[in-house]
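Subject: A structure to look through

Dear colleague,

I am passing on a structure that I would like you to open beside this message. Please keep the sequence and the model in view while you read the notes that follow.

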Amino acid sequence: WCGKIELEPDFDELEMVEEAASITVNTSPDNLLIKDEPTHEAGYFAYYNKGIFDNGPVPLVMGHHGGGDTAMFLTFVSGWWEIAHKYNFLYVAIDDHLSFPASEIMQIIEGIKKRYKVDENRIYATGFSMGSGKTWDMFQEYPDVFAGLAPHSALFPVHNNPFGKSIGDEGMNMSIMVPMFYSGGEKSFLGELPCQNKDSLDRIKYLSSVNKFKRPINVDFADKDNWEDRIWGIPGDKVEKLHDDERDSTVTVHYFDSEDGVCRTALASISNQIHECRHHSCEESWKFISQFTR
């Protein structure tokens, strides 16, 4: 991957468990792909350190892959299994999550909670590309479930799920703040950053409103040449530059305080990155969102 040979890890040697299983979910009315089956199976891969549940419930991170790949990309190429190993949490990568709307993801989470000792106050979600869209669905539709979210590399239009279907105003989260770490590539050919297209800006303005930024992002896309910050429109209350040694790139993180003085939001742009999801930014996202509990 990117000129580096990736070796399959020996999970027994690492004292880790790699587990493949499935959960039966009831087909939701908003499922656009499965209509004639009352139930269907949702496959997943779980990764966790041996003995992790011996001392009680643990944090859970739900992973959602991109549209052109599988759970294995997010797990191995983006390095989430390594992050789970290092920071000692349960990582569950849903395969073919695009067949499941957000309402069915909630059923999967309930099934995971029955099989593993999960800390219900520390449930998180992440995703790349179409999986970023699914993670944003959680912010829009189920904000009270998650302690933090880490979507990467996609900003879909506000109200829309990854299939372009609007959920409308009813049930749309407009007031529940959720800790968020978002990152996008500065050289992406897709809409990953607000400076790249208006829909992306509208998504970040929505986040700014719900998370009650002390300095709201209320800029116009047509005026982007005059933005105070060239990427986000408004600079964060704190800006940090992190170096990704593996790819020799800079992750510039803007931290935005909410009106109550708590910093719940980190927005990152990554130099020399196109449409990708890298280990470094995933680990930084976990370090940020894991500070929070629901």
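Let me begin with two cysteines: the sulfur of C282 has its closest cysteine sulfur in C277, at 3.5 Å, and this is too far for a bond. Please bear in mind throughout that the model is a predicted one. A disulfide is a covalent bond between the sulfur atoms of two cysteines. The cut-off applied here asks for sulfur atoms within 2.5 Å, and because C277 lies 3.5 Å from C282, its closest cysteine sulfur, the two are too far apart to be bonded. By this rule the count of disulfides comes to zero. Both cysteines can also be placed by their accessibility, since C277 is buried with a relative accessible area of 4%, while C282 is buried with a value of 0%.

Next come the salt bridges, of which a search of the whole structure finds twelve. I describe a few of them here.

In helix α6, K287 and E284 lie three residues apart, which is about one turn of the helix, and their side chains meet in a salt bridge with an N to O distance of 3.2 Å. The two partners can be compared with the cut-offs for accessibility: E284 is buried because its relative accessible area of 14% falls under 20%, whereas K287, at 40%, counts as partly exposed.

Helix α3, which covers residues 102-115, holds another such pair, E110 and K113, and these are three residues apart and so separated by about one helical turn. Their side chains meet in a salt bridge at 2.9 Å, again from N to O. E110 counts as partly exposed at 39% relative accessibility, and K113 is partly exposed too, with a relative accessible area of 21%.

What links the distant parts of the chain at E186 and R230? The answer is a salt bridge between E186 and R230, in which the closest N and O atoms are 3.4 Å apart. This pair links distant parts of the chain, 44 residues apart, with E186 in the loop between β7 (180-185) and α5 (198-210) and R230 in the loop between α5 and β8 (238-244). E186 is partly exposed, with a relative accessible area of 25%, while R230 counts as exposed at 57%.

Which residues form the negative surface patch? They are E8, D10, E13 and E18. Of these, E18 has its place in strand β1, which spans residues 16-26, and at 38% relative accessibility E18 counts as partly exposed.

The other patch is nonpolar, is made by F189, L190 and I274, and has an area of about 300 Å².

Conventions:
Residues numbered from 1 in each chain as written. Predicted model: local features only at pLDDT ≥ 70, side-chain atom pairs only at ≥ 80, totals over all residues. Heavy atoms only, no water. Patch = residues over 30% accessible without salt bridge, like charges linked within 9 Å, V, L, I, M, F, W, Y side chains within 5 Å. Areas by Shrake-Rupley, 256 points an atom, 1.4 Å probe, with all protein chains shown as cover. Salt bridge = Lys/Arg side-chain N within 4 Å of Asp/Glu carboxyl O. Lys, Arg positive; Asp, Glu negative; His and termini not counted. Charge placed at Lys NZ, Arg CZ, Asp CG, Glu CD. Helix = DSSP H or I, 4+ residues; strand = E, 2+ residues; numbered from the N terminus. Buried < 20%, exposed > 50% of the residue type's maximum accessible area, 1.4 Å probe, protein only.
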